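Q: Please show me how to read the local features of a model such as this one, giving the general idea and then the case at hand.

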Amino acid sequence: MADDVVPKTFRALVESAEKKYARVRDLPAYGRWGTSNHYFHKVFKAYMRLWKYQQENRAKLTECGLQRWEIGEIASRIGQLYFTQYMRTSEVRFLLESYIFYEAILHRKYFEGSGKERMVRFKELRFYARFLMVSLILNRSEMVKLLMEQFKAIVDDSRAAFPGTNFKEWRLVVQEIVRFTRVDSPSPDARPLRYCALFDSHPSSRPYVARFHAKKVLKFRDALLTSYHKSEVKFAELTLDTYRMLQCLEWEPSGSFYQRSPVEPRENGAVTDQSVTSGLIDINLAAEMMDPALPPNPKKAVLYRPSVPLLISVIATMCEELPPESVVLIYISASGNTNPSTASHTESSSSSRKSSKNIALSRTSYEQKGALHENYINTNGDTGQYFENCLCLGPSRSGGSNNLYPGDLIPFTRRPLFLIIDSDNSHAFKVLHGAERGEKSALFLSPLRPSFKNSGTDVTQSGSQFTLFLAAPLQAFCQLVGLVSSDKDMDCADEADGIISTAFAEWEVNLCTSTSLDLVWAQVLSDPFLRRLILRFIFCRAVLALFCLQEREDQYLPACLPKLPDTFSPNSETVQSAIRRLAKLLQVSDCFRFE
């Protein structure tokens, strides 16, 4: 009986940890419940106890039949737990911890040789898919390439090893990651999408930013990111557009270029990592890769193809829990729908109002409830302009539950909002300006149609042009004029980045010293992420306005409300001169018309 104690205790610890994990997994990924560390600590503690127990009793457990893949499964679950917590909190240290566990599983080959059982093979496939996601978000391009090759080989082997099993879904996952990496393949010298003080903080403008203080200053706390386009580039539940915006709203960790030395094989095929047999994984490495001086990232709720009622409920939760003097960023990338059917309109309005009403009943006072209906009626009693056009957040066959109207967002304008609408129907959201119920909103609205020198460019295959300008302006400029990475050498790329940085520094000074800057922009200018978005919007609008291969029509230009001062218009010499220098450097001046 004594011999049974260790395996029984181990199985009990496994069952306890899995139950606790199930509770955390089912929590909403947003709001106070989703970001609470209480539940995370409980399940993490359970898995650490399990991990430590298998380390201390490895020999006995192995005698009793413990397989290496079972150890790998525990480590994989811990990595998954860390990743889940990263998605809930946006703390990159959790992402780094997840990477460490997954990397250890790969190097120690916990799943190798155990693929004779179908159940174990599925666990191995899930491990590769999850590790690919973590590596992708951390921009570990070499690891992504390695994982892709091994993942594809395992899927191919699975089809031969288990002929009676359908692996179609896993083949689709392989196709998704191949397509994603083919599109998102910046040059090796490309600057990171995340905010990096080395590149994004400009010495010449830093004193002006430090001294700048508006009458009211808002802190950027929360963001909601979602996109839906038919056949859009994605991997699992992360679309290319949300992937770019996700990184655009985070600090670059100081150890982003930190690479752990690979586990070197010996001549006999064994590995030199002495911790393989003990199962030890260094969970403190992430601390060495983080800069404690960096402020926390704004929390982000990344929604994959949500229904409009779900989207509205998440926005309501974020606005309800938003601290005073803070702003919420809402980014939506989706196709538009003009003058949809009355049935769809009615269904959407009904769904939206029902969802908003339920939220109000549960979260607000009676006084706030009574005001909810007012938000859909302007002073003339006309609701038409708020519900004429919409964004489609899902297949049209799903009806009005996927239609998001400008009027659906009006109830939330009681709190400060920074709205980015990337759509071929984005300008329909101009009606929000002046219709706010408490706080004036900042609006960035994409062009209705993209512009490209090469007319055959397929936006569904490359992601949104407007989003790319906000996330990687030089890459978007090159895409616009038809340049690829091989067309410019590293020195040229560095010089191009330098021109953009110099321009941004000058515009930053002008923003901080402007006497006509609307308070909506002034109150968010102190935030580095939002300030960078404003600078990139100015660049995007100027480039597209000066692009000579399209007519100067509003449909090809982005819009911002309230308007920025004329100093930052495309006709301003301060703005045009930077575009002129960049075009001359890249030898594409013929693509632009300068005054």
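Q: Which residues point one way from β8, and which point the other way?
A: Leu 417, Leu 419 and Ile 421 point one way from β8, while Phe 418, Ile 420 and Asp 422 point the other way; all are buried. Strands are DSSP runs of E with at least two residues, helices are runs of H or I with at least four, and both are numbered from the N terminus. Buried means under 20% relative accessible area, exposed means over 50%, and partly exposed lies in between, with a 1.4 Å probe and protein chains only. Strand β8 (residues 417-422) is mostly covered, since 6 of its 6 residues are buried.

Q: On what basis should these values be read?
A: This is a predicted model, in which local features need pLDDT of at least 70 and side-chain atom pairs count only at pLDDT 80 or more, whereas totals for chains, interfaces and linings use all residues. Residues are numbered from 1 along each chain as its sequence is written, and side-chain values use heavy atoms, with hydrogens and water left out.

Q: How many bridges join β8 to strand β9?
A: Two strands pair if DSSP finds at least two bridges between them. Here 4 bridges join β8 to strand β9 (residues 442-445), and the two strands run parallel. Within this pairing, Ile 421 stands opposite Leu 445 in β9. Leu 445 is buried, with a relative accessible area of 0%. Leu 445 and Phe 429 are 16 residues apart in sequence, yet their C-alpha atoms are 7.8 Å apart in space.

Q: In which sense, parallel or antiparallel, do β6 and β7 pair?
A: Strand β6 (residues 389-392) and strand β7 (residues 403-404) pair in the antiparallel sense over 2 bridges. Leu 391 stands opposite Leu 404 in β7. Both faces of β6 are covered: Asn 389 and Leu 391 on one side, and Cys 390 and Cys 392 on the other, are all buried.

Q: What span should the 14 residues of helix α14 have?
A: The expected span of a helix is 1.5 Å times one less than its number of residues. For helix α14 (residues 308-321) that gives 20 Å, and the end C-alpha atoms are 20 Å apart, which agrees.

Q: Why is α14 called largely enclosed by the rest of the structure?
A: An α-helix has 3.6 residues a turn, so residues three or four places apart point the same way. In α14, 10 of the 14 residues are buried, so the helix is largely enclosed by the rest of the structure. Among the buried residues are Val 308, Leu 311, Ile 312 and Ser 313. Helix α12 (residues 240-248) is also largely enclosed, because 9 of its 9 residues are buried. The buried residues of α12 include Asp 241 and Arg 244.

Q: How much space lies in the second largest pocket?
A: Rolling a probe the size of a water molecule over the atoms shows where empty space is left. A pocket is an open set of points on a 1 Å grid over the protein atoms alone, where a 1.4 Å probe fits, with protein on both sides within 12 Å along at least five of seven lines; lining residues have an atom within 4 Å of a point. Grid points are joined across faces, edges and corners, and a volume is the space filled by probe spheres set on the points. About 1100 Å³ of space lies in the second largest pocket. Of the 34 residues that line this pocket, the closest to its centre are Phe 83, Met 87, Met 133, Ala 236 and Glu 237.

Q: Which elements each supply at least two residues of that lining?
A: They are α1 (5-25), α5 (68-89), α7 (118-137), α9 (168-183), β4 (299-304) and α14. The lining draws at least three residues from each of domain 1 (2-182) and domain 2 (198-252 + 282-337 + 391-589), with bounds from an automatic or database domain assignment. The lining residues divide into 22 nonpolar, 3 polar and 9 charged; Ala, Val, Leu, Ile, Met, Phe, Trp, Tyr, Cys and Pro count as nonpolar, Asp, Glu, Lys and Arg as charged, and the others, Gly among them, as polar.

Q: Which peptide bond is cis, with omega near -10°?
A: The peptide bond from Leu 561 to Pro 562 is cis. Pro 562 is found in the loop between β10 (559-561) and α23 (573-585).

Q: Where is Ser 90 found, and what phi does Ser 90 have?
A: Ser 90 is found in the loop between α5 and α6 and has a positive phi of about 70°, although it is not a glycine. At 2% relative accessibility, Ser 90 counts as buried. Gln 587, in the segment after α23, has a positive phi of about 60° and is not a glycine either. Gln 587 is exposed, with a relative accessible area of 71%.
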